[in-house]
Amino acid sequence: MEVCYQLPVLPLDRPVPKHVLSRRGAISFSSSSSLFGAPDPRQLSQRRGAISYDSSDQTALYIRMLGDVRVRSQVGFEPERRSSHPYLCIDFRTLHTRLGCGSTTASSVPERRVHRLLSFQRYLHSSRLLRGVPQQIPLHLLDEDYTGQARCMLGKVANWNFDIFLFDKLTNGNGLINLTLHLLNQYGLVELFQLDMVKLWRFLVMVQEDYHSDNPYHNAVHAADVTQAMYCYLQEPKLAKSLTSYDILLGLIAAATHDLDHPGVNQPFLIKTDHYLTTLYRNTSVLENHHWKSAVGLLRETGLFSHLPAEDRLNLERDLGSLILATDISRQNDYLSRFRLHLDQGNICLSQASHRHFILQMALKCADICNPCRPWELSKQWSEKVTEEFFQQGDIEKKHKLEVGPLCDRETNSVGNIQMGFMTYVAEPLFAEWARFSDTRLSQTMLGHMGLNKASWDGLQREQSSVSGEAECGGASGGAGDVGAARRDSTAGGASSKELPQGNRES
């Protein structure tokens, strides 16, 4: 018997009820299953993935420090299945919680039991049988003032100073859903592509649910931030007059799903633990491939484009994968060199579909790492969040006696030196070329913010070094603990004293 679900369209002031829609986990497809049919519940796979970095990349020593990818191969659309290779049974979310509590006395046997229990519990909560059972999460209602402020912010969504953290609070954690839905409606894409609103709402809810909220950085707020940045780039004059409705739809969906199901660890960690995804994708763009497959799984499960011809659906899925795979930082030089060559030769022709798609790839790459280009108060928050995610991975590696990644040791790294390296070797070269392509007020604003932010981090680093030197010269009686406290106080005080000018850009 076929059951039809009537899904309400919730206002901005209401949180997304877990009993409305639920998720069965990362989707896997078998070659024997129907192309667009429902997935077999026995083929459910756990959420794992990571950023991949190529050891042959010559962008700078900074990128090579991020990890080593030993194999490059052509991307194929393969079913995600758990391999028989052994891997370290680590429940990332559980470990983050344990590390925060400082528990180090538990033996390996209880850890394995907890891992199995949580995995089974998670499978039960995601099964069809318990699809209507709400989780034990308090649902706080927002008053009309919050709703009005959120709608007011959406009216200024083209502003580069858009505060995604505030918007996420005003929408009670539903920023990605409301922002993406608003942009799709603003472009008239819902009506143009005849999208079913129930299916669209279900798709967006499932996308937001599949981002791990306990990740400090790679979560739904980051996805919403990238989507808002992508919208700003789509509004640039060169793109606005050239892109088709299909290009815009593809760009917005790719931005919203580009980090889908990120586990909060990088690819070298997965290689060290012999994770099954590294075998599946042959150590190449592991996380990006997983994001792509997860997004395709949601599109097929919700049937968002089921009314389109099968060939069009497949083409959209492939184009979506091409955009998401472009966010692999290990291929930064490949895209940047090609972009620079096109600009030098002046042969970018946006009337050609292939050239428009390449510009969409570059736009998504810029949107993905645009945090250094935001105003200081926003950029600083993102910098702290991404660094904390690095450090959490380092804590896990220490706990399990694994080699700690170069940027993941909180005892030898700081937010400032990591961010300055990232700006110098990754962000600045990319945004300099983007400014050559689109020399607008927005591009100059981004470069201006990045220069000011880099100077601010440099100032904070100098203050920390100065305080550290004074503490060491003050006498040995101070002790290492006092020096550490002085560093923390200096960092907090220096950060709060920095006030940088704002740069606006309205559409």
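His275 sits in the loop that links helix H12 (267–272) to helix H13 (276–280); helices here are DSSP runs of H or I with at least four residues, numbered from the N terminus. This is a predicted model, in which local features need pLDDT of at least 70 and side-chain atom pairs count only at pLDDT 80 or more, while totals for chains, interfaces and linings use all residues. Residues are numbered from 1 along each chain as its sequence is written, and side-chain values use heavy atoms, leaving out hydrogens and water.

His275 counts as buried because its relative accessibility is 1%; buried means under 20% relative accessible area, exposed over 50%, and partly exposed in between, with a 1.4 Å probe and protein chains only. Its side chain reaches the backbone nitrogen of Leu277 at 3.1 Å.

Now for the cores. A nonpolar core is a set of buried Ala, Val, Leu, Ile, Met, Phe, Trp, Tyr and Cys residues joined through side-chain atoms within 4.5 Å. The largest one has 101 residues, and Phe431 is among those with the most contacts inside it. Helix H9 (residues 220–234) gives this core its largest share, 11 residues. A second, separate core has 10 residues, including Val265 and Ile396.

Finally, look at two backbone angles. Most residues other than glycine have a negative phi. Which values do Asn172 and Asp261 have?

| Residue | Phi | Relative accessibility |
|---|---|---|
| Asn172 | about 60° | 23%, partly exposed |
| Asp261 | about 70° | 1%, buried |

Asn172 lies in the loop between helix H5 (164–170) and helix H6 (175–186), and Asp261 is in the loop between helix H11 (245–257) and H12.

Terms used
Helix = DSSP H or I, 4+ residues; strand = E, 2+ residues; numbered from the N terminus. Polar contact = N/O pair within 3.5 Å; in protein donor to acceptor, adjacent residues only side chain to side chain.
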